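Here's a quick briefing to read alongside the model. Have the sequence and the 3D view open as you go.

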Amino acid sequence: MISSADILELLKYGERISLECKDSRNEISKSVWETYSAFANTCGGVILLGIEEHMSEMNIEKRFTFTDVKNPEIRLKEFWDTINSNKVSANILLDDNVGYCDVNGHTVLWIDVPQADYKYKPVYINENPMKGSFKRNHEGDYHCTEEEVKAMLRDSSDSGIDGGLLDGFTMDDIDLNTLKSYRIEYEHHNPDHVWNGVEDKEFLRNLGAYTVDRTTRREGLTTAGLLMFGKGLAIRERFDNIRMDYLDQTNLSAGRRWSDRLTYDGSWENNLYNFIKRILPKLVSDLKRPFKLEGMIRVDDTAVHKAVREAAVNMIIHADYHSTGVLKVVKYDDGFLFSNPGNLKLPVQAIYEGGHSVARNPKIQNMFRMIGLGDNIGSGFPTILKAWGEENWRQPDLYDDQELHQVELRLWMVSLMPMECTDYLCATFGKTYQYLKAEEQIILATAYLEDKVSNTRLQSVLGLQSIEIGRLLVDLVDRNMLIAEKRGRWTTYRINAEYEIQPEQMNLADISISKVDLNKTDQLIYQFVQANGMITTQQVVDMIDTISTTQGASVAINRLIEKGLLKKVRQGRHVFYAMN
């Protein structure tokens, strides 16, 4: 359920990319259904009817105009009648997802659209998936391309996309040296398995790498079999849209783009098994291996080693090999980048929470698990998060690029708040930085370390909701510590390197408490203003445990104003309180 307060919060702090306002005063706008499809096929969002948005207006006070929905009960019935008809391919809404309320005397109808389950995608309109499927980007709603629709249709199956028969690809397209190496590993991990004694074709069929169509009797390699064990030439003939690339960009000297690279050069059969076996030693070669014994056996493996392997395997089993793109791995001095073509089948937040696993290529996933690569279902990403958390490194960044149709996982091997970052922020913002809330300090640190930051990225870093993040970002922009850079409906934020430190800032040790009789709460507020030059009602709420609302903060501030200690200052649309 969405309340009037929620709507006001959305209008002020919400993400524009997941918020759509439409006039719809006399009828449900036809474009509502396009936005419903776009939100369902992307990351969800809220549609507000009875509000007009002026996209070019930067002043938040003037950006939205309430137009009111007439006869909201009738409009609500029209909405439900339409969404349950053949107008849309799937109704993914519950009763609590739609309603209307009064907002400052205006009637607004709200529609809270979740991201659709992959089984229902694409969600389309007018009974035509190719012409009626939409997605969301920084510009708004756009028609899905044919390739995007086909990708969603492929992903709608629980059986994955790597088990289909590839006509014309036979055992002659298998690289026997690759298969031999795999079988040796397989037998090492499964010494008593009955498959160890069967011939190659039967072994591959048991793995899901070779199949026979029982109806037509056609047989041959599956997508998984060719990609995993195939000859490089055969793979490029069938999947010429996919490349594999590994770059080592550590310890670079002037003018060098990489210190090591693995790509197509004719020296190796470029299948997935060979790719992973070649890059894993390179990835972990510089990781520390503390001396540890289990019984009398030395154990060189660590949680970080396992996490890096998990990231590499995840990249391969979740890639869409029917799309165009690159399986790309980059090793940096301070971390790793893993990138694969395709979009996530599950919401990013669900993956961070763990316990979820929907591999796009389950047969390839099983092939790796049978030789000890890849955790149990649903525990892969939590394994990475746990290892990075134990090292107190920055939260891994999982980014689903809906426009480029690729997923990137960045693993940063640096502290969440490295000393050089803290030193820079203290030098840039002076004492003001020290009095920020922990969440605000982390936002500034992330913006500094990653050059820029977004609401979406911070949700994974801080574990907060979009509106809570938005409130923090707006406050930092208002205080001139962050600069907002808008691109249509998408906003990123960067450090204001030209921030001017206020000369009245001083150490708390230098502060003399006013001789005026103040209670403890008023003393804390007064000390804060003396140290920082200003305060807002929200800062009072954040600082004083006994004050929970901005109204209560105003009461306390007014006591100080009546005593002649503080004064109210208005700058444009912003209000704060300073020394009198």
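How are α11 and α12 oriented relative to each other? They are roughly antiparallel, a label for angles over 145 degrees, with under 35 being roughly parallel, 65 to 115 roughly perpendicular and the rest oblique. This is a predicted model, where local features need pLDDT of at least 70, side-chain atom pairs count only at pLDDT 80 or more, and totals for chains, interfaces and linings use all residues. Residues are numbered from 1 along each chain as its sequence is written, and side-chain values use heavy atoms, leaving out hydrogens and water.

**The chain overall**

- The chain's secondary structure comes to 23 helices and 23 strands, taken as DSSP runs numbered from the N terminus (helices are H or I, at least four residues; strands are E, at least two).
- Taken along the principal axes, the C-alpha atoms fill a box of roughly 90 × 65 × 45 Å.
- Of the 580 residues in the chain, 50% are buried, where buried is under 20% relative accessible area, exposed over 50% and partly exposed in between (1.4 Å probe, protein chains only).
- Among contacts (heavy atoms within 4.5 Å) with a separation of 6 or more, 62% link residues 24 or more positions apart.

**α11 against α12**

- The axes of α11 (residues 272-284) and α12 (residues 303-317) come within 10 Å and cross at roughly 150°; axes are lines fitted to C-alpha atoms, for helices over the stretch in contact, and angles run from 0 to 180 degrees between N-to-C directions.
- From α11, the contact uses Leu272, Phe275, Ile276, Leu280, Leu283 and Val284, and from α12 it uses His305, Val308, Arg309, Ala312, Val313, Met315 and Ile316.
- By type, the residues in this contact of α11 with α12 are eleven nonpolar, one polar and one charged (nonpolar: Ala, Val, Leu, Ile, Met, Phe, Trp, Tyr, Cys and Pro; charged: Asp, Glu, Lys and Arg; polar: the others, Gly among them).
- Asn274 also sits in α11, and counts as buried at 10% relative accessibility.
- Leaving aside residues up to four places away in sequence, Asn274 touches Asp175, Thr178, Trp268 and Glu269.

**α19 against α20**

- Here the axes of α19 (residues 455-462) and α20 (residues 466-478) come within 9 Å, crossing at roughly 110°.
- That makes the pair, α19 and α20, roughly perpendicular.
- Asn455, Leu458, Gln459 and Leu462 of α19 meet Ser466, Ile469, Gly470 and Leu473 of α20.
- The contact of α19 with α20 splits into four nonpolar, four polar and no charged residues.

**α18**

- α18 (residues 438-449) has twelve residues that should span 16 Å at 1.5 Å a residue, and its end C-alpha atoms are 16 Å apart, which agrees; the expected span is 1.5 Å times one less than the number of residues.
- Nine of the twelve residues of α18 are buried, so it's mostly covered.
- Those buried residues include Glu440, Gln441, Ile442 and Ile443.
- Just past α18, Asp451 has a positive phi of about 75°.

- Most residues other than glycine have a negative phi, and most peptide bonds are trans.
- The Lys121 to Pro122 peptide bond is cis, with omega near 0°, and Pro122 lies in the loop between β6 (106-113) and α5 (129-132).
- Asn251, not a glycine, takes a positive phi of about 50°; this residue is in the loop between β11 (242-248) and β12 (260-262), and Asn251 counts as exposed at 65% relative accessibility.
- Asn392 isn't a glycine either, yet has a positive phi of about 60°, in the loop between α15 (380-390) and β17 (397-401).
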